Amino acid sequence: MGALGGVFLGGRLSERRDRFLLRATQEREERRERLDACIEFLASFRRYRAMLLTEDPEVELPPGRPAGAEVAFIKNSREYSDAAQGATARLLLVEGGESAVVLAAQRVSASLHQLAVARGRQGPGALPDDVVERSRHAEQEFARVVQAELHGRR
């Protein structure tokens, strides 16, 4: 019974170690996937913001919308828009629900929309500093939230 008990115990310990290693590997992969989605999201929105600030896109604001409900149509921005939409979709699928990361991402998206509306009202180089700063702040806050979520800091 002693040798058989040792074999049984060794098997149980090995099984426990294997489960632990599998769980650790899955957690690392999940964390990497979340981080990659967050990086893609932030990078796509930063490129979009840079385009609005440095290029001269034609932005249309259809009339008849109340303040705060404007829609900005940015001509020839499909590449930026598609990248931002795809990154947002990936982030929502990976994060799910209304996590702190998703809420911070929504603030980034809203700040970019405000920037686009301001760009439609102003000419190149005439964007209000507070609108630009809100956009940058939303991006920085998103990065802080992601770091806190992925590294356990709050």
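Ala, Val, Leu, Ile, Met, Phe, Trp, Tyr, Cys and Pro are counted here as nonpolar, Asp, Glu, Lys and Arg as charged, and the others, Gly among them, as polar. By this scheme, the lining of the largest pocket in this predicted model comprises 9 nonpolar and 6 polar residues, with no charged ones. Of its 15 lining residues, Tyr 48, Ser 81, Gln 85, Leu 112 and His 113 are found nearest the centre. At least two lining residues come from each of helix H1 (2-54), strand E2 (73-74), helix H2 (78-95) and helix H3 (100-121).

We turn next to the nonpolar interior. In soluble globular proteins, nonpolar side chains tend to be buried together. The largest nonpolar core of the model holds 32 residues, and the members that touch the most others are Phe 41, Tyr 48, Leu 52, Leu 91 and Phe 142. Two or more residues of this core are given by each of H1, H2, H3 and helix H4 (129-151), and H3 provides the largest share, with 9 residues. Leaving aside residues up to four places away in sequence, Leu 91 touches Ala 37, Cys 38, Phe 41, Gly 96, Val 101, Ala 105 and Phe 142.

A charged residue also deserves a look. Arg 49, in helix H1, has a relative accessible area of 8% and is therefore buried, the cut-off being under 20%. With residues up to four places away in sequence again left out, Arg 49 touches Leu 112, Leu 115, Ser 135, Arg 136 and Glu 139.

Terms used: Residues are numbered from 1 along each chain as its sequence is written. This is a predicted model: local features need pLDDT of at least 70, side-chain atom pairs count only at pLDDT 80 or more; totals for chains, interfaces and linings use all residues. Side-chain values use heavy atoms; hydrogens and water are left out. On a 1 Å grid over the protein atoms alone, a cavity is a set of points where a 1.4 Å probe fits but cannot get out, and a pocket is an open set with protein on both sides within 12 Å along at least five of seven lines; lining residues have an atom within 4 Å of a point. Helices (H or I, at least four residues) and strands (E, at least two) are DSSP runs, numbered from the N terminus. A nonpolar core is a set of buried Ala, Val, Leu, Ile, Met, Phe, Trp, Tyr and Cys residues joined through side-chain atoms within 4.5 Å. Buried means under 20% relative accessible area, exposed over 50%, partly exposed in between (1.4 Å probe, protein chains only). Contact means heavy atoms within 4.5 Å.
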